[in-house]
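User: I am new to this structure and would like to know what lies behind the terms used for it. Please take me through them with care.

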Amino acid sequence: MSGRRATIERQPIENRLSHWLVAIATFGLIVSGMAQMPMAQRYKIAEVPGLAWTADFHFTLSLHYYAAALLLFAVAYHVAYALFARRFAILPRRGDFKESAQIISAMLGRGEEPPSHKYLAEQRLAYAFIGGSTLLVLASGLVKVAKNLDGVLIDGGILWFATLVHNISAMLVIVGVVGHFAAFLFKANRALLPAMMHGRVDREYAAERHSLWYAELEESDRAA
Amino acid sequence: MTEMNRREFLARSVLGGMAATATLATPAPAFAASAGAKGTLIDLSLCEGCGACVSACSAKNADRYPEPVDDIPVNWPTGKYEDWSDMREATDRLTPYNWIYVEQVEVDGTRVSVPRRCMHCDNPACANLCPFGAQEKTVDGAVVIDHEACLGGAKCRSVCPWSIPQRQAGVGVYMDLAPGLLGGGVMYKCDMCADLVANGGQPACTATCPTGAMRFGDLDEIRITAQARAAEIGGFVYGAEENGGTSTIYVSPVPFDEIDAQIAKRRGAMPEPPRVGVPHMAGVAEHYLDETKDLASTFALAPVLGMAAAGVAAAKAFKKGETR
């Protein structure tokens with residue numbers, strides 16, 4: 001294997017772009033969304049030096065809109081790219097729940113980890129959870145945006161429901177983000193961090209932990 | 001991009017983009033502007049300040065006034081709460097127990113009586129920005145708070161140019177959640193007697209007004225009548241343009257900024273913030289949601305740009321794969 005690079009490409013620029021745009025937008029939406037609740041004055045957050053703006057609904061609402069536009073762009077880009085380029089490796093598959101349990105057991109030192117494709121079963125499930133929550137929060141948010149437009153009336157019951165969905169799905173997104181960070185408490189997952197920075201992971205790590213994916217890459221390299 | 005040829009890829013991209021654009025371009029049919037909005041004309045040249053409107057409002061709504069618990073929880077960490085239950089009889093301002101009052105001012109030696117209550121804005125920031133969807137604007141134009149769903153965060157009061165809704169602590173759904181930690185009560189204000197109006201009636205205040213100073217009708221007609229009346233008496237109009245337009249149109253023989261100057265004196269004498277319950281009569285040129293209106297157009301553009309960028313990126317990836 002001499003002459004081969006010690007790393008292989010895992011996250012091409014398209015994936016990293018989607019990921020970081022969604023991350024930035026989501027962070028902005030969580031902060032500005034919390035400020036809408038309204039909690040800045042209620043919990044004296046606005047009294048903390050430098051945080052007076054959290055009580056300014058005018059400012060935080062505009063921030064929410066800007067961040068939402070960025071999220072819409074990023075999600076459209078991500079979904080359209082996956083469809084156009086047929087990249088579906090991250091979608092959940094049958095048996096992912098069972099396999100996730102095996103992987104987590106293995107990380108805790110019990111049993112062997114099953115061979116994995118590009119994404120571990122738990123990663124595919126985490127993607128579906130965060131992705132699904134994001135779509136819900138986006139859809140319900142668009143109803144709320146429409147309602148803010150001049151001359152648009154929405155039935156009170158529908159509005160109440162859309163607001164409820166928005167608040168609950170936003171909390172699910174926050175849970176998902178916390179879980180996403182928590183994944184890196186496990187040392188076994190940390191080798192993936194560079195992939196979202198410069199796109200590449202350690203070759204040995206890929207061969208060991210994502211053996212099925214690695215085998216596919218080897219196969220296509222041989223074919224080329 | 002190994003199993004797809006270029007033609008198939010392009011067709012897929014174009015069709016996907018067209019479908020998405022068509023979806024975005026089609027307005028959702030459930031949303032429609034109200035054509036049947038009602039409004040109130042308040043002619044200050046006819047108001048004698050008798051307070052019949054205040055009594056009528058109270059008689060109509062008394063059974064909806066808050067009945068808080070005896071031991072009202074103190075909000076953490078502010079150490080405050082808003083309680084009006086000991087001042088139920090106060091009729092010189094807006095409170096959770098008084099949804100309309102008559103402001104009495106003197107302008108150049110002339111006494112002017114100004115009935116004050118919710119303006120029922122055309123595009124109400126209070127209802128739109130309620131984080132729990134506890135307020136709505138009805139097809140009749142009434143802005144209504146759902147007392148069962150309100151948590152009393154008072155955001156509606158913060159974003160209302162007139163700070164109309166008033167808070168009562170110790171009552172409402174927050175008492176079943178984490179009182180003291182979450183929420184602060186329930187917000188109360190005039191709801192244009194939405195139940196009466198929905199059945200073809202009119203609000204208690206306008207129905208009771210003995211001098212005809214308060215009149216209720218189709219908003220379009222009310223606006224025309226108000227302008228005509230202002231022209232007739234050489235007076236002034238308030239509420240037609242304020243905050244993007246409201247359903248409560250005042251006509252006055254004296255300028256509103258002079259009335260406002262008198263109200264400001266009273267507000268200034270109030271002990272501490274929030275100095276609410278005595279709404280101003282200054283001009284409100286900008287609508288609270290003006291900026292978001294402009295931003296909303298980017299919501300149609302953003303996904304189109306995202307898909308276009310994805311198309312370009314996928315085409316590049318395809319090319320790279322093809323030449324590899």
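User: What makes up the contact of chain A with chain B?

Analyst: The contact takes 42 residues from chain A and 49 residues from chain B, where two residues are in contact if their C-beta atoms, placed from the backbone, lie within 7 Å. On the side of chain A that touches chain B, H2(A) gives the most, with 15 residues. That side divides into 30 nonpolar, six polar and six charged residues, with Ala, Val, Leu, Ile, Met, Phe, Trp, Tyr, Cys and Pro counted as nonpolar, Asp, Glu, Lys and Arg as charged, and the others, Gly among them, as polar. This is a predicted model, in which local features need pLDDT of at least 70 and side-chain atom pairs count only at pLDDT 80 or more, while totals for chains, interfaces and linings use all residues. Residues are numbered from 1 along each chain as its sequence is written, and chains are lettered from A and ligands numbered from 1 in the order in which they are written.

User: How confident is the predictor in chain B?

Analyst: The mean pLDDT of chain B is 89, and 89% of its residues reach 70 or more, on a scale of confidence in each residue from 0 to 100. Over residues 9-33 of chain B, however, the pLDDT is below 50. Where pLDDT is low, the predicted coordinates should not be read in detail.

User: Why are S8 and S9 of chain B said to stand at the edges?

Analyst: The open sheet has four strands in the order S8-S1-S10-S9 (chain B), with mixed pairing, and two strands pair if DSSP finds at least two bridges between them. S8(B) and S9(B) each have a single partner strand, so one side of each is left without a neighbour in the sheet. Five bridges join S1(B) to S8(B), and these two strands run antiparallel.

User: Which residues of H2 in chain B are called buried, and what covers them?

Analyst: B:Ala52, B:Cys53, B:Val54 and B:Cys57 are buried, a word used if 20 or more other C-beta atoms lie within 10 Å of a residue's own, against exposed at 12 or fewer and partly exposed in between, with C-beta atoms placed from the backbone. Their cover includes S2, S3, H6 and S8 of chain B.

User: At what angle do H4(A) and H5(A) pack?

Analyst: They pack at about 150 degrees, with axes 8 Å apart, the angle running from 0 to 180 degrees between N-to-C directions of lines fitted to C-alpha atoms over the stretch in contact.
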